[in-house]
Protein chains: 2
Amino acid sequence: MEEIKIFAPATVANLSCGFDVLGCCLQNVGDEMLLKKNDLNQLRITKITGADLPMEIHKNVAGVAVLALLDRLGSKQGFDIEIDKKIRSGSGIGSSAASSAGAVYAVNKLLDDPFTNNELIEFAMQGELLASGNAHADNVAPALLGGFSLVRSYDPLEILGLPAPSEIRMVVLHPMIEIKTRDSRSIIKQNVTLASAIAQWGNLGAFVSALYTNDYKLMGRSLHDAIVEPVRSILIPYFDELKKLALDNGALGFGISGSGPSVFAMCQGDSAAEEVKAGYLNFLQDKEVGFELHVSEINKTGIRIL
Amino acid sequence: MEEIKIFAPATVANLSCGFDVLGCCLQNVGDEMLLKKNDLNQLRITKITGADLPMEIHKNVAGVAVLALLDRLGSKQGFDIEIDKKIRSGSGIGSSAASSAGAVYAVNKLLDDPFTNNELIEFAMQGELLASGNAHADNVAPALLGGFSLVRSYDPLEILGLPAPSEIRMVVLHPMIEIKTRDSRSIIKQNVTLASAIAQWGNLGAFVSALYTNDYKLMGRSLHDAIVEPVRSILIPYFDELKKLALDNGALGFGISGSGPSVFAMCQGDSAAEEVKAGYLNFLQDKEVGFELHVSEINKTGIRIL
């Protein structure tokens, strides 16, 4: 295979109770990427549409992720990378993760799969390190694996795939302000009370259990975050109003997507999701902030070949 | 029914990754209790064997737990309680929980089940509050429900039952020193680093997943505790040696049972458990500290009528 075109999906990380360890993959929101082998022994970003991002390999998340992969293989193979960004940078739904995970996925395919998708995660994390100063895996893992992913451990890296109950719908609202993950991380306190940590791990354990038992109400009750949300939500316009609106309109739970400013409402079924969406549209019609709205199932397979 | 005799099992709480939220129930270690209705409108502890514990209702964990239940019902029914303690006080395997959970279970049966076992947990927690100064549920819940229990939330109280993979064997070693839960709690830091909290909730999420998938190796890898174990293990004689010995002899994981001094080794199957036990016996034969050893399956039903 000399070239490959892929769809690299958006992802929702943290999911309230799983800061830095939990994420899920969206179905119909994502970038497209075209990768071709070249004979120049050189890795190049040849085209980026839809966003103003660096073309230099060492400054581009897809570039550094692929370099990490090629380094591990000791390969000199060259590639040309074209990226059609549809996920907005700084939106909080895994824009950098889609590029870095997509790039390593495509290169791995063009090299006849020397790595499993799970093994690709650590290369894609190099893109996250460049983008945010932190090599977190909770976006790149669900982008590569699909469904829900859990980071059991960062050292050594161990990622689990979790079940994705079929009725889950994610209503993702992106208020049109940009928050850099790097900045959004810097406001988080590096010490937390033991009491809030206990509450957090009780909820995460319960959320994982609910994924196995298809207990949608329990998923909703578990979507709580007493640690990061109180700090980050300050940066998000109308956060409290949107949360109340989503829950009043039947959402199972509501929280910040990744580092924001996007917020997610988890719903059971299409009609519940449509109600939440309609409530948002009604609320936002006279507000000055622009926004994008996505309604998506959970993408069970992750990145796919087009 | 005028009287009832029950077996109130020992429990292992915390289980490394689940401080204050996770516990499991043991099969063949526990107290026996005999409860009879009396016509005196009076709650009495009439006999305690096997331990030197207060007979006064307000100072006895079984007494305060039953009082909480009767208060909720507005009942004046009197009961005589006899307790044959076989779980040593201060051993770290839920001695106080067995008494308080056992007492409310028995009283509930004698009153024709006004409450579910799950509803009994909050009454039994009053016994834990008396014993340790903290109304934790991670021993009383598995004693009442059997199997593994997870506290999703303390406020409001919500407890989940989790699957109990049938090959799990718990090798519980009780070094004969006494650590009061109250004292053992007081040395824990009330603030933790966000990094260690993230590691903890990653492991707890993975442990819950492993219970659903019967992934014994993953259970073992998830039994880590970077928060409480480093502090509490200092109080436990030969902790590091016992941990290494258990893991070298094939245990899936090892940690402190509750607030200690008991330690548990989780093993897959009988022969693995016997190897760990033999290793302990060999190691401890020339040591000065006395000890008790229990090997148990997970008790899937909790308290039972004898």
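Start by selecting A:Leu173 and looking across to the neighbouring strand: in S10 of chain A, the bridge partner of A:Leu173 is A:Val263. Keep in mind as you go that this is a predicted model.

**Stop 1**

Now widen the selection to residues 168–175 and residues 263–268 of chain A. These are strands S7 and S10, which run antiparallel and are joined by 6 bridges. Strands of a sheet pair through backbone hydrogen bonds, in either a parallel or an antiparallel way.

**Stop 1: a parallel pair and its helix**

Move to residues 43–49 and residues 78–84 of chain A. What direction do these two strands take, parallel or antiparallel? Strands S3 and S4 of chain A run parallel, with 6 bridges between them.

**Stop 2: a link across the chain**

Show the side chains of A:Glu292 and A:Arg88. They meet in a salt bridge, at 3.0 Å from N to O. Where do the two residues sit in the chain? A:Glu292 is in strand S11 (residues 291–297) of chain A, while A:Arg88 is in the loop between S4 and helix H2 (95–110) of chain A. The pair links distant parts of the chain, 204 residues apart. Over all chains, the structure holds 30 salt bridges.

**Stop 4**

Most peptide bonds are trans, and most residues other than glycine have a negative phi.

- Select A:Asp155 and A:Pro156: a cis peptide bond joins them, with omega about 5°. A:Pro156 is found in the loop between strand S5 (148–154) and strand S6 (157–162) of chain A.
- Go over to chain B and select B:Gly260 and B:Pro261. The peptide bond between these residues is cis, with omega near 5°, and B:Pro261 is in the loop between S9 and S10 of chain B.
- Finally, pick B:Asn14. This residue is not a glycine, yet has a positive phi of about 80°. Look for B:Asn14 in the loop between strand S1 (3–13) and strand S2 (22–38) of chain B.

**Stop 3: the sheet in chain B**

While you are in chain B, select its open sheet of 4 strands, ordered S9-S10-S7-S11 with antiparallel pairing. Strands S9 (253–256) and S11 (291–297) of chain B stand at the edges with a single partner strand each, so one side of each is left without a neighbour in the sheet. From one strand to the next, the twist averages 20°. Inside the sheet, S7 and S10 of chain B pair over 6 bridges, and B:Arg169 stands opposite B:Cys267 in S10 of chain B.

**Stop 4: where the two chains meet**

Zoom out and show both chains. Chain A superposes on chain B by a rotation of 180° with 0.0 Å of shift along its axis, at an RMSD of 0.0 Å. That is the relation of a two-fold axis.

How many residues of chain A are in contact with chain B? There are 36, and they contact 36 residues of chain B. The copies meet through the same surface, because 100% of the interface residues of chain A are also interface residues in chain B.

About 2,700 Å² is buried between the chains, with carbon and sulfur atoms giving 69% of that area. Highlight A:Arg152, A:Leu194 and A:Trp201, which supply 28% of the area that chain A buries against chain B, more than any other three residues.

Between chain A and chain B the count is 2 salt bridges.

How values were computed
Residues numbered from 1 in each chain as written. Chains lettered and ligands numbered in written order. Predicted model: local features only at pLDDT ≥ 70, side-chain atom pairs only at ≥ 80, totals over all residues. Heavy atoms only, no water. Pairing = 2+ DSSP bridges. Least-squares fit on C-alpha atoms with pLDDT ≥ 70 in both. Contact = heavy atoms within 4.5 Å. Axes fitted to C-alpha atoms, helices over the stretch in contact; angles between N-to-C directions. Buried area = accessible area lost by both parts, 1.4 Å probe. Salt bridge = Lys/Arg side-chain N within 4 Å of Asp/Glu carboxyl O.
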